[in-house]
Amino acid sequence: MASSKEYLDFILGQLSELEDITYRAMMGEFIIYCRGKIIVKDISRFARNTVDLLQNVRKLKALGIETQFLTVNMTSMGNSEFVLTIFGALAQEESANTSKRVKFGKKLNAEKGRVPNIVYGYDKTIGDYFNLEINKEESKIVKQIYK
């Protein structure tokens, strides 16, 4: 799946020599079809958890559509559901760990007094991690929200 139209255009450019390539916005992203297959970079981009993965693969199999996962070099038609479940569980755990690391980093930055990159109603000076200045235009909208 491609996460943006620009990335999709890049991928389609790389595959321009092949025939029968189409794409469709689906599941919040772009899905690339090539010769009756759905091509997905990673299992974690195809489903949020193992249950969703198996449900999606079963639905596509029922329609006769094969799913190819590039990072693990496997297809939904050629591998058992047990193998898909294992890789799906690994992808789900990796996603959960990434989320924990991001939350920890944000918490640590907050404890050190560092502010986020974008705070509506304020401007941040480049290189200054601790101070914000009020943005006059955006502050009018913030004040209107809290009236």
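Trainee: Why is Arg58 called partly exposed?

Mentor: Its relative accessible area is 43%. Buried means under 20%, exposed over 50%, and partly exposed in between (1.4 Å probe, protein chains only), so Arg58 counts as partly exposed. Do keep in mind that this is a predicted model, where local features need pLDDT of at least 70, side-chain atom pairs count only at pLDDT 80 or more, and totals for chains, interfaces and linings use all residues. Residues are numbered from 1 along each chain as its sequence is written, and side-chain values use heavy atoms, leaving out hydrogens and water.

Trainee: What makes Glu81 and Arg58 a salt bridge?

Mentor: The term asks for a side-chain nitrogen of Lys or Arg within 4 Å of a carboxyl oxygen of Asp or Glu. Here N to O is 2.7 Å, so the pair qualifies. Glu81 lies in helix 4 and Arg58 in helix 3, 23 residues apart, so the pair links distant parts of the chain; helices are DSSP runs (H or I, at least four residues), numbered from the N terminus.

Trainee: And why is helix 3 called oblique to helix 4?

Mentor: Their axes, lines fitted to C-alpha atoms over the stretch in contact, with angles from 0 to 180 degrees between N-to-C directions, come within 8 Å and cross at roughly 140°. Angles under 35 degrees count as roughly parallel, over 145 as roughly antiparallel, 65 to 115 as roughly perpendicular and the rest as oblique, which makes helix 3 oblique to helix 4.

Trainee: What makes Glu137 exposed?

Mentor: Glu137 has a relative accessible area of 56%, so it falls in the exposed class.

Terms used
Helices (H or I, at least four residues) and strands (E, at least two) are DSSP runs, numbered from the N terminus.
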